[in-house]
Every structure is written in C-alpha cells, then in structure tokens.
Amino acid sequence: QVELVESGGGLVQAGGSLRLACSYTVTSSWFILNIAGWHRQAPGQQREMVARYTKDGRTGDVDPSKGRFTIPTDNAKNTVYLQMNSLKPEDTGVYYCNTNIWTPATESRDYWGQGTQVTVSS
C-alpha cells in the first residue's frame, strides 16, 4: 500500500548544499503522514536520525545537524525533502527516508526508503 522512492544523492563539495527527495505513493484514498524523518548511516557507523518532521510538531528528538538540515514538504506532489546546507565531510553516508503513515486499513506503520548515497568532499 505504501512505497517510498528516494532521489537526489550525489557528490558535493564541503560547504555546498544538496536536496534529497522522498516520494511516497499510497494506494489508500485517505492517509495521514504522521512523521517524515531522515536517517544517515556513515561507513562503519550506526544509523542516526538527522532530521524529523511531525504533523503536530510534538517530538522530543534532538537534531544532530544543528539547524543545517530541514524537511520541506510538498503535499501536492506527495514528496518530502531533506534540504542540506553547509555540508561537511562527516555528513557523508547513506541517507534513508523514514515515514509513519496512517491508513484506515493499516492504522499507523513505519516505512523506509531504499537509501541514497551522499558524499561530501573537502
């Protein structure tokens, strides 16, 4: 019922910007996007959250990007983005889109994108 497709990864120089996209398709005629988050897994490191959006804004998660990353949304295109500014080499990793979506049939469930590689060079 739900599919996430990520795009926008690539190679960027330190200090530059990059925008990742996570397009979601839902077969249900009605759904609620409760949460949209982005996680990064660097080589040899644990996966960590870098940004999160919540419908009601009630989340206690700490943003490790310290304001450099934001999550713009475009509901008309069924897409959430990760806008990354002032990129640093330590931002390198595979980025995964994560959503929590409610539908009448499934209630609330978590879904993950396939991952997209971001490499930041000095």
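Hi everyone! A word on ground rules: this is a predicted model, where local features need pLDDT of at least 70, side-chain atom pairs count only at pLDDT 80 or more, and totals for chains, interfaces and linings use all residues. Residues are numbered from 1 along each chain as its sequence is written, and side-chain values use heavy atoms, with hydrogens and water left out.

Let's start inside. In soluble globular proteins, nonpolar side chains tend to be buried together. By nonpolar core I mean a set of buried Ala, Val, Leu, Ile, Met, Phe, Trp, Tyr and Cys residues joined through side-chain atoms within 4.5 Å. Buried means under 20% relative accessible area, exposed over 50%, and partly exposed in between, with a 1.4 Å probe and protein chains only. Here the largest nonpolar core has 26 residues, and L20, W38, F69, V80, L82, M84 and Y95 have the most contacts inside it. Several strands supply at least two residues each, among them β1 (2–7), β4 (32–41) and β11 (116–121). Which strand gives the most to this core? That is β3, with five residues. Strands, by the way, are DSSP runs of E, at least two residues long, numbered from the N terminus.

Take a look at V80. Leaving aside neighbours within four places in sequence, V80 is in contact (heavy atoms within 4.5 Å) with residues including L20, C22, W38 and C97.

Now for β9, residues 93–103. Nine of its eleven residues are buried, so β9 is largely enclosed by the rest of the structure. Two strands pair if DSSP finds at least two bridges between them. β9 pairs with β4 in the antiparallel sense over nine bridges, and R40 has Y95 as its bridge partner in β9. Y95 also has a bridge partner in β11, namely T116, where β9 and β11 pair antiparallel over three bridges. With β10 (residues 107–112), β9 pairs antiparallel over six bridges, and a hairpin of three residues joins the two.

Finally, the disulfide: a covalent bond between the sulfur atoms of two cysteines. The cut-off used here is a pair of cysteine sulfur atoms within 2.5 Å. How many does a search of the whole structure find? One. C22 and C97 form it, with their sulfur atoms 2.2 Å apart. The pair links distant parts of the chain, C22 in β3 and C97 in β9, 75 residues apart. Both C22 and C97 are buried. The torsion about their S-S bond is about -85 degrees, so the disulfide is left-handed.

How values were computed: Helices (H or I, at least four residues) and strands (E, at least two) are DSSP runs, numbered from the N terminus.
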